[in-house]
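Dear colleague,

I am handing over the structure we spoke about, with notes on what was found in it. Please read the notes with the coordinates open beside you.

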Amino acid sequence: MNHEATRATVAGLHAELVHYGLVVWTAGNVSGRVPGEDLFVIKPSGVSYDELTPENMVVCDLDGNLVEGAHAPSSDTAAHAYVYREMPEVGGVVHTHSTYASAWAARGEAVPCVLTAMADEFGGEIPVGPFALIGDDSIGQGVVQTLKGHRSPAVLMQNHGVFTIGKDPKAAVKAAVMCEDVARTVHVSRQLGTPLPIGPAHVDRLYDRYQNVYGQRSPR
Ligand SMILES: [Zn+2]
C-alpha cells in the first residue's frame, strides 16, 4: 500500500518540474522513499514526462536494484540510492539540469546568499559539489559529501546540474524550484552590479524563523 501512495506522489511531482520549466525532454527526475521500507520510487528511464503515471514508476531497493516495475529505472538511480543509504533523514531526492542553476554549476561557483529568500530556504549559499561522472557512486558521494551537515537542501554538481533533498519528495521539488529561482535572480543581479551579501547573523535569524516559526510548517 505504501508503494502505491509513493508511486502516485512521485509520478505527480514530475509534472511540477515541467510546470516550473526545470526540465527538457526526459532529463530530470524525482524519487521518494517508501515510508517504513528500504525502498524508493523513481522515474523510469527514457519515458517522456506526459507519459508518466503511477503505474510506470519504478520501485528500487537502496542499492538501486529494480524491485518492481516494467521499465528500467532512471540512469540517475545509483545517485539517488546512495543518498537514501547515507542520509536516513532524507525522504525525497530531485535532480534537474535547470538552466540558471546549471549555469552556476558550469562555472563551479556557489550561489552567494544575497537574498532573504535564500537565507530562509537554504540557510546560506547554495554550495558546489565535485565534478563526477555517471556510472558508479561518484555522483551520490559528491552530493552526500556536500550536503551532509550543510543547511542547504540543494547542491550544484560541477559541470552538471542540481541535486536537492527533502524530508519528502515534495520538499525536494520545492528546493529544486527555489534553487532555480534564486540562481536566476542572483545571476541578473550580477549583470547589474555587485549583489550585497547578507551578514551571517541575519542569515541565521532568517533561517531559524522560516524553518521553525513561519506558516504552518513542521520542523524538518
Ligand atoms: Zn544529470
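Which residues in α1 meet which residues in α6? Before the answer, please keep in mind that this is a predicted model. On the α1 side the residues are Thr9, Val10, Leu13, Glu16 and Leu17, and on the α6 side they meet Pro169, Lys170 and Val173. The residues of this contact divide into five nonpolar, one polar and two charged. The axes of α1 and helix α6 (residues 169–192) come within 10 Å and cross at roughly 10°; since angles under 35 degrees count as roughly parallel, α1 and α6 are therefore described as roughly parallel to each other.

Helix α1 also holds His3, which counts as buried because its relative accessibility is 14%, under the 20% limit used for that term. Setting aside its neighbours within four places in sequence, His3 is in contact with Val34, Glu37, Leu39, Val41, Val59 and Glu68.

Two residues deserve a look for their backbone angles, because most residues other than glycine have a negative phi. Trp25, although not a glycine, has a positive phi of about 50°; Trp25 lies in the loop between α1 (2–19) and β1 (29–33), and at 77% relative accessibility it counts as exposed. Asn159 is likewise not a glycine and has a positive phi of about 60°. The loop that holds Asn159 runs between β7 (154–157) and β8 (161–166), and Asn159 counts as partly exposed, with a relative accessibility of 45%.

Turning to α5, seven of its ten residues are buried, so this helix is largely enclosed by the rest of the structure. The buried residues of α5 are Ile139, Gly140, Gly142, Val143, Val144, Thr146 and Leu147, and they pack against α2, β6, β7 and β8. After α5 comes Gly149, whose phi is positive, near 80°.

The structure holds ten salt bridges, and the following pairs are among them. Asp137 forms a salt bridge with Arg85, with the closest N and O atoms 3.4 Å apart. This pair links distant parts of the chain, since Asp137 is in the loop between β6 (128–129) and α5 (138–147) while Arg85 is in helix α2 (residues 77–86), 52 residues apart. Asp137 is partly exposed, with a relative accessible area of 28%, and Arg85 also counts as partly exposed, at 30% relative accessibility. Asp137 and Arg85 belong, together with Asp63, to a network of salt bridges.

A salt bridge also joins the side chains of Lys148 and Glu86, at 4.0 Å from N to O. Here again distant parts of the chain are linked, with Lys148 in the loop between α5 and β7 and Glu86 in helix α2, 62 residues apart. Lys148 is partly exposed, its relative accessible area being 44%, and Glu86 counts as partly exposed at 31% relative accessibility.

In a further pair, Arg151 forms a salt bridge with Asp204, the closest N and O atoms being 2.8 Å apart. Arg151 is in the loop between α5 and β7 and Asp204 in helix α7 (residues 200–212), so that this pair, 53 residues apart, links distant parts of the chain. Arg151 counts as partly exposed at 32% relative accessibility, as does Asp204 at 38%.

With kind regards

How values were computed
Residues are numbered from 1 along each chain as its sequence is written. This is a predicted model: local features need pLDDT of at least 70, side-chain atom pairs count only at pLDDT 80 or more; totals for chains, interfaces and linings use all residues. Side-chain values use heavy atoms; hydrogens and water are left out. Helices (H or I, at least four residues) and strands (E, at least two) are DSSP runs, numbered from the N terminus. Buried means under 20% relative accessible area, exposed over 50%, partly exposed in between (1.4 Å probe, protein chains only). Contact means heavy atoms within 4.5 Å. Axes are lines fitted to C-alpha atoms, for helices over the stretch in contact, and angles run from 0 to 180 degrees between N-to-C directions. Angles under 35 degrees count as roughly parallel, over 145 as roughly antiparallel, 65 to 115 as roughly perpendicular and the rest as oblique. Ala, Val, Leu, Ile, Met, Phe, Trp, Tyr, Cys and Pro count as nonpolar, Asp, Glu, Lys and Arg as charged, and the others, Gly among them, as polar.
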